[in-house]
Amino acid sequence: MTPVEKSVVVGSSTITFQTGKIAKQASGGVVVTAGDTMVLVTAQASKDIRPGLDFLPLTVDYQEKMSAAGRIPGGYFKRETRPRDDETLTSRLIDRSIRPLFAEGWTFESQLIATVFSYDDKHPADALAMTGASLALMLSDMPFAGPIAGIRVVRVDGKFIANPTHEEEGKSDLNVFVSCSRDAIVMVEGGGQFVSEQVMIDALLFAHEAAQPVIDVQLEMVKEAGKAKRGFEPPKRDLELETRVRAVATSKFVDALLIREKLPRYDALDDAKRDVIAALVAEDATLAERTGEIKAIMSDLKYDLVRTKIIKEKKRIDGRGLTDIRPITTEVGVLPRTHGSALFCRGETQGLVNVTLGTRQDEQKIEDLFGDHYRNFLLHYNFPPYSVGEVKPLRGPGRREVGHGTLARRALKACLQIGDDFPYTIRVMSDILESNGSSSMATVCGGSLAMMDAGVPMKSPCAGIAMGLIKEGDEIAILSDILGDEDHLGDMDFKVAGTKDGISAIQMDIKIGGVSREILEAALEQARVGRLHILKCMGESLTESRAEMSHFAPRITKFKIKVDRIRDVIGPGGKVIKDIVARTGCQVNVEDDGTVSVASTDGEASSRAIRMINDLTQEAEIGKIYLGNVRKITDFGAFVEIFPGTDGLVHISELANRRVNRVEDVLQEGDEVMVKCIGMDRGKVKLSRKQALEDDEQEQASDD
């Protein structure tokens, strides 16, 4: 195969696509390059269909090799192990973008692997991987309704930039990742510093326009190097069976869907499905072998009934109107020993969120292609199986948990107002106790309340809302605060979080084309109104951060020492600082600039640790009198320790106001003696017992 290579300019970067040179045995393979950042993306599908599946068996993996940036991984094994959160998030971005574009009924095991082999610390690899995934699929023999392109958009000084450098990202007040097809926006993930809905829409449309040349290049490469698509026909619908199932099931489903509570409704639907199958099998025993088809038809029936009711009657499963938000209750301080906590309930979704305040030692070390850096704001999202009435083994966080937690973290991080005067590591942990729609937005609301309960300084309370959109022909229904069922049956679902001033995080998945600016404006405006309503409900519990932290939270005292005295506090091999920690129970951290942080819930222990550090780092003051210990006697004087680690010389001429022939006539080793600091000689302290005695006599005389 002759290699094919083409380039396109996006923003200030030139993106180059090459196929036919490496990974030639993959069904589709492409190398995407910008600057010195290079990503290989491959697409592969199994030869045979997996029978009996009713879902798309697609796996997407994005991985970054540390060697790409000239680094060796840390840890014991010195090799890449489990994916980092950022890799998992990029995998999710790609998956969410391409999954809806596979042919219906495609049940061949399919896999996309995107690997970063070279990285220049200037050009991010995620947008390259997204576009490479599209092109790899287009070049392969797999049916795919692409192409699409991944475009990251930031705003710097009021100007939008497509596929920015890392430096430009750091200067931006808006940062969104957008996947675009020829006529639609497919997926959105990102946020901003409280930007308006209009600015967010402008950014999305800017991304769509920037994506078009990238789509053109992909189509050109497919003409030159694309493989013939494999023969595939989706399973044919049995219209006769469908008619029979709908005739028996419709009335039962209509009755079940009138039940507003989630679990009773699910139970009624399950009963209806069993009754329908039993009735059909009783009429025709051969249908006993086709229960999978029957269940699929009933699933489509439920989809149609709910959508029709929403479009025609403007009524939803739980009886609400399109803009109605479920009842909200909030409570703070529900966990007595945590540093901050909140219980947020919205309908049948309930999140228990708590906040823990830690020290610099609790920061999370992140190892990635940039190098090592530290994170002092953490958010962890947990979704136990009982929250949806299921039984599953407890495992570590999956991709969904990582994605939901990151969305909530992005929303809340923008609201923090912390600096040197709040030197804490903040961990927010959300446990979803019940779920029926948008537990990630419940995490945002509960997280905001819990941080305010903990006394974390915030610019403003933050809330989130999940929205949906259903489009049938020219009829459109925008749904506020969607249920779990509505999440699955809508044509667009999106989550918007922010404050009263604007958007801090947004996530969209759009399954149809033709979503115009007018529709986006209406949807985001309805989301804004809903967000303000939720903020008002949250305000019944707290409207701002508490002035005082929980007495269970550590108090951190910060002060400065001279840089050249850091070694005195640390000691050889950390011996001194470990001793301070062991004797006081405090956490002590010393930074390279001499900033010392002492953290403890015990004020007396904190004061003791600070005294110990001050004793180690204090310096002699000329003119000050000290009570010291004689450490060594010499012919010419005595060395007196005036505080730990610092001693000075009392010359024999300064021992007394008379002539002293032998130092031992006045002082012995181990004696306590009053001395006065009379000067410094090339960094060495000069002391005088004679002047200290004179000063003492004068003071006594004045008292008399």
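The model is predicted. A search of the whole structure gives 54 salt bridges.

**Salt bridges**

- R316 and E486 form a salt bridge, with 3.0 Å between the closest N and O atoms. R316 sits in the loop between α7 and β11 (328-332), and E486 sits in helix α10 (residues 484-489), so the pair ties together parts 170 residues apart in sequence.
- R316 has a relative accessible area of 0%, so it is buried. E486 has a value of 2%, so it is buried too. The cut-off for buried is under 20%.
- R71 and E367 meet through their side chains in a salt bridge of 3.6 Å, N to O. This pair links distant parts of the chain, 296 residues apart: R71 is in the loop between β5 and α1 (85-98), and E367 is in strand β14 (residues 364-368).
- R71 is partly exposed, at 22% relative accessibility. E367 is partly exposed, at 25%.
- R631 and E641 form a salt bridge through their side chains, at 2.7 Å from N to O. R631 lies in strand β25 (residues 625-634) and E641 in strand β26 (residues 637-643), ten residues apart.
- R631 is partly exposed, with a relative accessible area of 48%. E641 is partly exposed, with 22%.
- A network of salt bridges links D318, R320, R326, R346 and D481.

**Strand β5**

- In a regular strand, side chains alternate between the two faces of the sheet.
- β5 pairs with strand β6 (residues 108-118) in the parallel sense, over seven bridges. E64 stands opposite V116 in β6.

**Surface patches**

- E694, D696, E697 and E699 form a negative surface patch. E699 belongs to helix α15 (residues 689-703).
- I625, L627 and M674 form a nonpolar surface patch. Together they have about 260 Å² of accessible area.
- M674 is in strand β28 (residues 672-681). Its relative accessibility is 40%, so M674 counts as partly exposed.

**Loop residue A288**

- A288 is in the loop between α6 (262-283) and α7 (291-313). A288 is partly exposed, with a relative accessible area of 42%.
- A288 and I277 are eleven residues apart in sequence. Their C-alpha atoms are 8.0 Å apart in space.

Technical notes:
Residues numbered from 1 in each chain as written. Predicted model: local features only at pLDDT ≥ 70, side-chain atom pairs only at ≥ 80, totals over all residues. Heavy atoms only, no water. Helix = DSSP H or I, 4+ residues; strand = E, 2+ residues; numbered from the N terminus. Buried < 20%, exposed > 50% of the residue type's maximum accessible area, 1.4 Å probe, protein only. Patch = residues over 30% accessible without salt bridge, like charges linked within 9 Å, V, L, I, M, F, W, Y side chains within 5 Å. Areas by Shrake-Rupley, 256 points an atom, 1.4 Å probe, with all protein chains shown as cover. Salt bridge = Lys/Arg side-chain N within 4 Å of Asp/Glu carboxyl O. Lys, Arg positive; Asp, Glu negative; His and termini not counted. Charge placed at Lys NZ, Arg CZ, Asp CG, Glu CD. Pairing = 2+ DSSP bridges.
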